[in-house]
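Colleague: I have not looked at this one before. Can you walk me through it?

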Amino acid sequence: MVNVMTWDSKEANTIKEPKVFKNFTYDTDTDGGCLEKFDDIINIMKDIEDDINNICELYKQLEDSYDMFTDYNDKMEKNVSNLNESLRRARMVFKNMLSDMQERVRELQKTDTTLIDDLESIALLIGETQNKITKSPEDKLKEIYPNGAPQTPEEAYKDIVSVDVPITLKDGTKTTTKVNLNKAIAEDVKAALQEAQDAGFKVYEVQGYNWKGDDDNLSAHCYGLAIDINVAENPCVPIEQAGAPNIDWQPHSNEYSIGVDNPLVQAMEKRGWSWGGYWESKKDYMHFSYTNS
Ligand SMILES: [Zn+2]
């Protein structure tokens with residue numbers, strides 16, 4: 001007797017459980033002639049079983065792969081969804097950034113325009129100041145009087161205006177006083193006196209237009225192009241008395257005297273004027289002139 005396995009066609013359909021062969025008993029004594037053929041059939045069946053096992057294994061692998069693919073697909077879908085959300089947010093952030101940048105560029109453009117305007121004003125001011133400082137007294141006079149300087153007080157008075165300039169009284173009161181000046185420089189004088197007052201120098205007295213001097217040597221006062229400040233504390237003295245202890249000019253001890261470091265000297269020089277305290281023929285400490293005379 002030998003045990004052989006047989007193929008169960010019913011179970012062969014359920015691939016997951018490939019127990020398709022069953023043992024049955026074969027009697028060698030009664031049917032010995034068929035044995036060889038049975039062996040062949042059994043071998044073929046074994047091959048088929050191997051194939052089926054392989055197919056089952058492949059199917060399992062396929063199933064696992066499918067599960068993995070499904071998982072992967074789910075994850076991918078989630079990732080794509082997250083990615084889209086991130087992209088949407090990034091786009092929004094980027095859009096806001098762009099708006100901010102545009103706004104900043106617009107603001108910068110505004111600032112830039114202001115800056116350029118300021119620089120142009122400064123350049124103009126430097127040019128004007130340079131021009132005033134470097135122009136000769138003759139050129140300055142020619143500029144104010146293109147047809148020639150006035151020869152009589154009546155002629156000169158045509159260009160004189162009365163302006164209110166800031167002063168500080170001796171009791172400390174800040175007020176204004178009227179002074180007659182050439183209309184070409186009146187505003188400059190006013191501004192310079194304001195600067196000096198702001199810097200703490202007390203100008204209590206300002207004199208302007210005054211027809212004086214001789215016919216050959218007219219003072220700048222004749223054209224309203226000179227001013228005298230705090231006359232009592234800033235006398236006009238011969239050169240040999242300059243700085244003498246007995247004169248009334250005492251810039252270190254008298255707050256009304258004008259010294260070289262006085263803010264009014266700086267404010268006037270900046271506007272093209274010169275101070276009589278710098279003259280070398282005499283010292284006219286009260287005197288400022290646009291034409292150095
Ligand atoms: Zn003078």
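Predicted model: local features only at pLDDT ≥ 70, side-chain atom pairs only at ≥ 80, totals over all residues.

Colleague: How many bridges join β8 to strand β12, and which way do they run?
Modeller: 3 bridges join β8 to β12, residues 287–289, and the two run antiparallel. Strands here are DSSP runs of E with at least two residues, helices are runs of H or I with at least four, and both are numbered from the N terminus. Two strands pair if DSSP finds at least two bridges between them.

Colleague: What is the mean pLDDT of the chain?
Modeller: The mean is 86, and 87% of the residues reach 70 or more. pLDDT is the predictor's confidence in each residue, from 0 to 100.

Colleague: Where does pLDDT stay under 50?
Modeller: Over residues 14–20, for which the model has 14 contacts beyond four places in sequence. A contact means that the C-beta atoms of two residues, placed from the backbone, lie within 7 Å.

Colleague: Back to β8. What is the order of strands in its sheet?
Modeller: The order is β5-β8-β12-β10, an open sheet of 4 strands with antiparallel pairing. Its edge strands are β5 (206–207) and β10 (274–275), each pairing on one side only.

Colleague: Are the faces of β8 covered or open?
Modeller: Both faces are covered: A226 and D228 are buried on one side, I227 and I229 on the other. Buried means 20 or more other C-beta atoms within 10 Å of the residue's own, exposed means 12 or fewer, and partly exposed is in between, with C-beta atoms placed from the backbone. In a regular strand the side chains alternate between the two faces of the sheet.

Colleague: How much of the whole chain is buried?
Modeller: Of its 293 residues, 20% count as buried. The secondary structure comes to 6 helices and 12 strands.

Colleague: Pick a helix. Which residues of α5 are buried?
Modeller: In α5 the buried residues are A186, V189, A192, L193 and A196. They line one face of the helix, because seen down the axis they fall within an arc of 130°, taken from the directions from the helix axis to the C-beta atoms.

Colleague: What do they pack against?
Modeller: The buried residues of α5 pack against β3, β4, β5, β8 and α6 (263–269). After α5 comes G200, with a positive phi near 105°.

Colleague: How do β3 and β4 pair?
Modeller: β3 (160–168) and β4 (174–182) are antiparallel over 9 bridges. V163 has V179 in β4 as its bridge partner. The hairpin has 5 residues between the strands, and G172 takes a positive phi near 95°.

Colleague: One last thing: is E138 buried or exposed?
Modeller: E138 counts as exposed, because it has 11 C-beta neighbours inside 10 Å. E138 is in helix α3, residues 137–144. N292 is 154 residues from E138 in sequence, yet the two are 9.7 Å apart in space, C-alpha to C-alpha.

Methods. Residues numbered from 1 in each chain as written.
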